[in-house]
Amino acid sequence: MKRQIFSAEHDAFRETVRTFLAKEVLPHYEQWEKDGIVSRDAWLAAGRQGLLGLAVPEEYGGGGNADFRYSAVLAEEFTRAGAAGLAVGLHNDIIGPYLTSLATGEQKRRWLPGFCSGELITAIAMTEPGAGSDLQAVRTSAEDRGDHWVLNGSKTFISNGILADLVIVVAKTSPQGGAHGLSLLVVERGMEGFERGRNLDKIGQKSQDTAELFFHDVRVPKENLLGDLNGAFVHLMTNLAQERMGIAVAGIAAAEHLLEITTEYVKEREAFGRPLAKLQHIRFEIAEMATECAVTRTFLDRCVVDHSNGELDAVHASMAKWWATELQKRVADRCLQLHGGYGYMAEHRVARAFTDGRIQTIYGGTTEIMKEIIGRSLLG
């Protein structure tokens, strides 16, 4: 089916993204994978190309366009290119809304120009060694010292953790913590007591730096409180739908691309004197995956449009995230199987997609959490 959610402007933007990837990302990607981190030059190049801060007002150097379909184009093209390391989706779609909706005028002037130029790389620090999806269990705390906070604690699995110049930290600012006692504090590179642990060795997305962060009596100015005091829980819940949509869009794009690669492969690869595509089992496998992708794409495109119009609720975002990422996982596994031994070779696109994509059902809220949200909405 021909997709109907994009205009000529979106199509032109897609070509811009593809050109950027071909010029600034793909020639360097293998080296980034070996290094375990992308070059800061790539972030600056993305800023020059206008790929950062799409929804940030123009007065701060952004694109001034909150249409989520542009973010969807970015997610699709980066996924098809296998370029998960340069985490522009995290920067734009997860962290960007916190800065544009919660920051004061002074904070916007201080942070948003660098956010859009690529000079300020961002991260958000929620997960702790003993607290994953359960924000009630957050132990990192900030003590009020009059004109500043004193922040202590640690975070783990933080994407962009090594490169980040600006980290939004979820911390307890009241003894009870939880839904009524968490706040967002912005920690900046160079603050005394802010330390980064090792760049974590993951099974996939090798070039996407993921780190442990440590805070030892970090003095955070009161001017770096983002949003309402003790209001972080509400702020976090408000932005989760967009985070999950970004992950879902990448999920279906990955599944579709793997299907394309595998369809071509089985046409060319021979077994028992004829192409694999002539075997009924192979045709059935391709038919099943193609149908699942087509049905999922229809639902995802509807969610993208609804979100662009401000109409997508948390339940349907959770459905999209759960379904698309689980489909991605299934398709990656089946496509690797159809490639046989070649699919197990690390340099092969299918093998990398298998390992890079495995995190999709985990971060942004696990599949189990998504089901709980959906079930609770239906059953109370």
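The legends below describe close-up views of a predicted model.

**View 1. The second largest pocket and its lining.**
The second largest pocket holds about 460 Å³ of space. Its lining consists of 18 residues, and those nearest the centre are Met1, Arg3, Glu256, Arg297 and Asp301. Helix H4 (68–80), helix H7 (232–268) and helix H8 (280–308) are the elements that give two or more residues to this lining. H8 gives the most, with 6 residues. By residue class, the lining of the second largest pocket comprises 9 charged, 7 nonpolar and 2 polar residues.

**View 2. The aromatic pair of Phe194 and Phe215.**
The structure holds 5 aromatic pairs, one of them formed by Phe194 and Phe215. The ring centres of Phe194 and Phe215 are 5.5 Å apart and the planes lie at 10 degrees, so this pair counts as stacked; the cut-off for stacking is an angle under 30 degrees. Phe194 belongs to strand S6 (residues 194–199) and Phe215 to strand S7 (residues 210–221), so the pair ties together parts that are 21 residues apart in sequence. Phe194 and Phe215 are both buried.

**View 3. Arg14 over the ring of Phe6.**
In this view the charged end of Arg14 sits over the ring of Phe6. The distance from the charged end of Arg14 to the centre of the Phe6 ring is 5.1 Å.

**View 4. Lys222 over the face of Trp149.**
Here the ring belongs to Trp149, and Lys222 lies over its face. Lys222 is placed at 5.1 Å from the ring centre of Trp149.

**View 5. Asn92 and the backbone of Gly53.**
Asn92 is part of helix H5 (residues 88–102). Its relative accessibility is 10%, so Asn92 counts as buried; the cut-off for buried is under 20%. A polar atom of the Asn92 side chain lies 2.8 Å from the backbone nitrogen of Gly53.

**View 6. Glu128 and its side-chain contacts with Thr140 and Lys155.**
The loop between strand S1 (122–125) and strand S2 (141–144) contains Glu128. With a relative accessible area of 6%, Glu128 is buried. The side chain of Glu128 makes a polar contact of 2.8 Å with the side chain of Thr140. A polar contact of 2.9 Å joins the side chain of Glu128 to that of Lys155.

**View 7. Asn160, a residue other than glycine with positive phi.**
Asn160 is located in the loop between strand S3 (148–159) and strand S4 (166–172). The phi angle of Asn160 is positive, near 70 degrees. Asn160 has 0% relative accessibility and therefore counts as buried.

Asp217 counts as exposed, because its relative accessibility is 52% and the cut-off for exposed is over 50%. In contrast, Phe215 is buried.

Terms used. Residues numbered from 1 in each chain as written. Predicted model: local features only at pLDDT ≥ 70, side-chain atom pairs only at ≥ 80, totals over all residues. Heavy atoms only, no water. 1 Å grid on protein atoms, 1.4 Å probe; cavity = no way out; pocket = protein on both sides within 12 Å on 5 of 7 lines; lining within 4 Å. Points joined across faces, edges and corners; volume = space filled by probe spheres on them. Helix = DSSP H or I, 4+ residues; strand = E, 2+ residues; numbered from the N terminus. Nonpolar A, V, L, I, M, F, W, Y, C, P; charged D, E, K, R; others polar. Phe/Tyr/Trp six-rings, centres within 6.5 Å; stacked < 30°, edge-to-face > 60°. Buried < 20%, exposed > 50% of the residue type's maximum accessible area, 1.4 Å probe, protein only. Lys NZ or Arg CZ within 6 Å of the ring centre and 35° of its normal. Polar contact = N/O pair within 3.5 Å; in protein donor to acceptor, adjacent residues only side chain to side chain.
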